[in-house]
Amino acid sequence: MRKFIHLTEQDNVVTLLDDLSGLERLSDGTAVRPGIPFGHKAAVANIPAGSPIVKYGVVIGHATRVIAAGEHVHVGNCA
Amino acid sequence: MSENGFSGFCRADGRVGVRNHLLVLSTVALTNRLAEMVAESVPGSLLLTAEFMRGLRGRDVLIQNRVIDGMIRHPNVGAVLAIVHDAAAGERMRETLAHAGKPSDVLVFMNAHGMADAVAEGRGALMRLAAAIAGAARETVPWSRLAVALECGGSDATSALFANPVIGRFVDWLTDRGGTAIVSETAEFIGAEPVVRSRAATPAVAAQILDRISRIEEMMKADGEDYRGVNPTAENLAAGLTTLVEKSMGAVAKTGKAQFVACLDFAETPQQAGLCFMDTPFFSPVSITGMVCGGAQLVLFGVGVFNPSGNPLAPTIKVCGNPATMQTWADSLDLDVSGILSADRNIDEMATALRETVARVAGGAQSCAESWREGQIIAPKSVAAL
């Protein structure tokens with residue numbers, strides 16, 4: 001199970017805190033896609049295309065396509 | 001218990017000091033050496049010398065005077081011996097000290113009969129000031145009387161995710177109780193404009209802060225730098241930072257979620273409680289000079305890899321979430337928050353630990369940077385001197 005940090009209650013992403021990218025569960029049991037590196041983000045809810053990505057309680061970008069819960073959130077789907 | 005408040009020295013102007021410094025302040029570089037010798041002659045005094053100059057022009061005069069005045073009036077200073085070069089400066093300083101609300105004296109270098117005489121006169125004046133404040137006693141005061149300077153440096157992923165968010169959680173707690181926090185380093189806010197807009201208490205405050213940020217960006221462009229074009233960098237992207245806002249938030253996280261209530265100029269004193277933005281350069285000794293001379297009694301400093309900066313007047317509390325740094329620089333760091341990474345501690349628990357550390361340091365326990373006597377006073381300049 002992977003360590004992560006959920007910085008504020010409003011965040012719809014968490015940041016992964018280990019490099020055990022083969023694992024598919026976060027330490028709270030929720031599903032996460034394999035392959036997400038240390039320090040990168042995973043969605044913790046389904047995020048419609050165009051919706052805000054919220055980290056630190058603020059909008060850090062928007063989904064450039066629909067993002068499923070557990071998916072890696074980075075340059076391919078967030079700008 | 002730290003719930004009720006912190007312990008400090010109540011000053012005539014209503015502010016509270018967490019230290020009771022006997023300050024020897026050289027007001028111009030010409031008297032730095034004299035100040036050193038006077039301070040050496042009275043153990044326990046605090047020497048403050050900087051590169052204060054004559055021949056400054058325009059805004060640089062204002063800034064230098066504001067820094068000097070800010071130190072004289074600082075609540076952590078119990079008494080001050082101001083050393084000036086000539087009689088005219090002496091007259092002006094007497095006028096300033098008359099309103100300082102604390103025991104003080106002026107030593108005029110050119111009135112002395114040689115260097116040894118100047119040192120002897122200074123020593124006598126300093127001993128009298130030491131006696132004047134020897135009986136000062138601490139009282140418990142509410143947290144609303146605390147103003148903290150917020151700083152980060154040696155930033156890495158751990159400061160963005162652990163140290164700065166922990167500081168931010170403490171700032172939320174402090175500002176909820178009527179306290180004040182000052183954040184600075186304008187360049188770090190490039191990219192955080194949407195956050196400033198949504199968190200400014202009024203449109204006027206937002207406009208002032210955004211104006212300061214855009215001026216810095218114009219300076220960078222004039223230097224040929226395209227900050228937005230190159231950020232996040234390839235290294236940032238590899239590390240998981242996706243957007244410039246996210247990168248900026250790594251530093252802005254130390255402000256918590258409070259509203260920005262004011263935009264301050266360099267070393268300007270806040271006129272209201274809450275979270276304030278101060279326009280300063282990004283170099284930590286300079287930004288800390290600005291925030292402390294504006295009145296911050298303590299500095300909260302989030303580090304990833306180590307950064308030594310402190311301040312002579314205000315104890316600096318170093319908060320670190322990087323386990324490797326905690327090991328290497330254990331003699332220079334005050335609060336380890338890497339437990340969030342390794343042991344399932346959370347931000348709230350670490351923020352409570354920070355509050356307890358703040359209460360202890362405010363009450364007299366030395367911070368590491370303070371015990372190393374770390375820190376410089378640097379007043380920024382913008383034009384050529386005569």
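Start with the boundary between the chains: select 19 residues of chain A and the 17 residues of chain B they touch, where contact means C-beta atoms, placed from the backbone, within 7 Å. On the side of chain A that touches chain B, strand E5 (residues 58–62) of chain A gives the most, with 4 residues. That side divides into 11 nonpolar, 6 polar and 2 charged residues (nonpolar: Ala, Val, Leu, Ile, Met, Phe, Trp, Tyr, Cys and Pro; charged: Asp, Glu, Lys and Arg; polar: the others, Gly among them).

This is a predicted model, in which local features need pLDDT of at least 70 and side-chain atom pairs count only at pLDDT 80 or more, while totals for chains, interfaces and linings use all residues. Residues are numbered from 1 along each chain as its sequence is written, and chains are lettered from A and ligands numbered from 1 in the order in which they are written.

Stay in chain A and select E1, E2, E3 and E6, which form an open antiparallel sheet of 4 strands in that order. Strands are DSSP runs of E, at least two residues; helices are runs of H or I, at least four, and both are numbered from the N terminus. Strands E1 (4–5) and E6 (72–73) of chain A are the edges, each pairing on one side only; pairing takes at least two DSSP bridges. E1(A) joins E2 (residues 13–16) of chain A over 2 bridges, and A:Ile5 has A:Thr15 as its bridge partner.

Finally, select B:Phe170 and B:Trp173 in H5(B), among the residues that meet H14(B), and B:Leu354, one of those on the H14(B) side. By class, this contact has 9 nonpolar, no polar and 3 charged residues.

Terms used: Contact = placed C-beta atoms within 7 Å.
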